[in-house]
Amino acid sequence: LIVVMLFSSGAAQAGKVAKGKGTKGAASEAKKEPPKLPAEKLAKVRDILLGDDEPGAIDAAKVLGLSGASNAVEPLIDLLSVGGPPGRLEAALDALGALGDPRAIDPLELYAGNHSADVRRHAVKALAAVKDEHVVPALTAALGDSAPDVRAAAADALAARKETKAAPRLLALVKRNDAGAAPALGLLATPDLVPQLAELQGTVDDNVVASALGEYVKRDDVADGLRVDVVRTIGHLSGAAATTALVEYVASVPAKDDRPSKKEAQKLLDEKGPSK
Amino acid sequence: VRAGVVRARAFACASVFALACSWAGCATSAYQRAGSSDDVAAALSKTDAAAVTGRPQNAAGRALAFLALGGTKGPRLAAYDLSASRLLWTQPADLKARVAVGADVLVYAAADALVARDVTTGAERWRQPIAKDERLLGYTIDGRTAYLVVQEGGVHLHGGKASVRALDATTGSARWRHEVASGNVGAPVARGGLVAVPVQSQYVTLLDARDGEQLAQVLSNEEAATFVRALPEGLFFGSAGVFRLAPGTAAGSRKSNGYVRAKLPAFVRPVYWFDLYRPEQGDYSALDRNRILWRMTATDGGGDARFRNDLALVHNYRFFFGFDARTGELKWAYNHPGSEAVSSALVGDAVAFVTADGELGALDARTGARTFSAKLPGEVVRGATFDAEGWAPSGAAQPTAPLADTLTAIVWDLDRRFWDVKMFAIEELARQPGHEVTAQLLKITEQEGLPPAVYQKAGEALVARKDGSAADLLARVLATHADYADGKAAPAVEILARAAGAMQARAAAPALVMHLRRPETPPAAVTQIARALAAMGATDALPALRDFVTMYRADPLYDGDPTPLVAASEAMLALGGPGERQLLLYLAEEPHTVEPLRVHLRRALAQTAGAEARLREAATSSADE
């Protein structure tokens, strides 16, 4: 309650200012001058964040994250620097993710190596939100994490960044049947990786292969000739993911677009029939 | 195991009975004079020294190996001349037990008979049938007489009665028969006019080879006598150790000078000879591949027992080892490439062996150098008996590999059955000097898929070596970390960190810091990392130590066992300055810090504060002076 009251009079307003500036001109103005929390209020929130009250501290972290304020990142980094109960730390990581401030990269990387897989997942997601290329090595390293959730978070982040250099590592994960890496691989795979991916049929779960190829065919940058081959490969795969991939591909193509790959996908779906 | 327990109980009962008889003077007991040193001395005095030679039993005196062959060509018996490196003969023969070799014939048990074959040609000379109500308990041959122990009635070793029968080895005709008071009798041995027969696992009955008259009985009071062995240097009996059969050991006292046991490492199966009561050990078996090879020093009538050259050799499948029998020190090791040795014998100064795929070989018993090599192509060998006493292979010995190289080869042998031997090899490797040995030990810690005890053993060896020259190698090994995508596992960080600390390997500090920050590093490894960093004075590691302590100081995971946090904070105190003390003071008072760490920090900070104050006072007073 204290946190909410504090922010209703300062920090939250700063957030509202940021959100309110929705027009193009206003957005560029906001970029130039990100909102800033008043020092006195920030100090009080910091005290709550580092204080004894656990729920209050978690709320404080959330509100700081939502504020979008340029100076909201500092108390959160302070918290990560001195440590605290895991729930509070996760809230701080989420808040730093919401802020996406590059100044948080170092503590986020530190927590991406935490012994708790939950904490690591929060840290990786926060790193993913930082629009800075310095996070790429940490995200790529997180593909080697022992926890599937952490790897999936890193894979999604790298796919969103179109980090094609991560494709070989993603392929290595798919070879190990890692379902979480498959969509990202489909989004990042270069044409030379596609045959390798297709050859995994039989050695890797068909659903994993279908998931990767399904994302690949939906890409605009793929030549339709290659797409037809990929669609046929998907057609040979068993499992629900293969059918889903074909259905999603057909649905993703505009109705007026009569490209051969779409026809092929539709033909394969017809052959599979509704019961399949 | 059950059989062993039963045997132990039986032995204990028999011992009590034997003692009771000797106290009460059982006039009717067949073992009335058992343990009499006078009787034993008298019996041994009848030994025909001229009949005991240090040469092969066969009349030609050639070093021969008799091979039980199998494979697609069916069961056969072959004779191989070791001196001439040539196969003498092969005959179809279905052996059910070992070959025993005499002057002109060899004998072996078939399904329902004892079969004798000509040593020179392999032709069958005679066949002694075993009746349906009889059981062949064992046999031997000495010169031109064969001796059998046969049980009539009862079940194996229980009930019925047994007899020792002497046959003319040339014709198979009976010479004499001696009835034994028990059906519980083992296989006989013979040497120089004496026949020794183990009875009830406790007695060794000595018979006159000429007429079967009983001359003496040894009473093995302190140890079961499961074997009797005839060698040119004497008669021996025992089980867990070896007694030289002599007046001084007539009552089987292990305190006598006639008793000896080799000091050997734990992996060695302490089998000094085959258990002559167990029929399965009468045939070629796995026991032939895993046992102790020994000979005794010859004595001039004295009863002392001492291993020849103080050596006890160990045959362990594909490996042979030479140990100092008194100290257990490893003298040499031989790793036979490929197939395992199915049979071996210490025939004087050479270890003769044959492998399952038909390779014949010999090693110098003193050095382990390979001195003989021959091959029977395409054969499958089940076992062998060597009649090659005193054989000295004439070829030049192959150069022996350095012991460390052989031990390394054993460690990296692909056969995954021999972990006990590999563990021993690691232990011995660690005793060898040299940078290369340290590198090999490190390599073991890098290898994935080994049993945890192997990493532990290699790591402990590294810790003990304190080989500072290997710091770079250690750093290289530690530089790797787990990566799921690459399919890589973490190295054995815990033990390597200990080694790094012991070595003062500053070069490894960055890698240790890296592992301190890794999610997969287990708490026990963190503890060792922190201690190592403190031991090597790695002040560069302070940021990582700070990060670790702050990140986990409120983690309930460490509420139960804060050892890693304590170790990291101790390292901070040891390496850091006022900044670290200030941070730790804060953490000691911050309520979310796990209680055990808070308690420790308060105490540690108070202690170090006192020490610092004393140092300051001392510095001030010396400055004043």
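The model is predicted, with local features requiring pLDDT of at least 70, side-chain atom pairs counting only at pLDDT 80 or more, and totals for chains, interfaces and linings using all residues. Residues are numbered from 1 along each chain as its sequence is written, chains are lettered from A in the order in which they are written, and side-chain values use heavy atoms, without hydrogens or water.

**Chain A**

Select helix H3 (residues 39–50) and helix H4 (residues 54–67) of chain A, which pack at an angle of about 135° with their axes 7 Å apart. Helices are DSSP runs of H or I with at least four residues, and strands are runs of E with at least two, numbered from the N terminus. Axes are lines fitted to C-alpha atoms over the stretch in contact, and angles run from 0 to 180 degrees between N-to-C directions.

Next, display A:Leu42, A:Val45, A:Ile48 and A:Leu49 of H3(A), which meet A:Gly56, A:Ala57, A:Ala60, A:Ala61 and A:Leu64 of H4(A); contact means heavy atoms within 4.5 Å.

**Chain B**

Move to helix H13 (residues 563–575) of chain B, which has 13 residues. Of these, 10 are buried, so H13(B) is largely enclosed by the rest of the structure. Buried means under 20% relative accessible area, exposed over 50%, and partly exposed in between (1.4 Å probe, protein chains only). Among the buried residues are B:Pro564, B:Met572 and B:Leu575.

Then select B:Gln200, in the loop between strand E13 (194–199) and strand E14 (203–208) of chain B. Its phi is near 50°, a positive value in a residue other than glycine, and B:Gln200 is partly exposed at 25% relative accessibility.

Finish at B:Asn309, in the loop between strand E20 (290–293) and strand E21 (311–316) of chain B. Phi of B:Asn309 is near 55°, again positive in a non-glycine residue.

Key. The expected span of a helix is 1.5 Å times one less than its number of residues.
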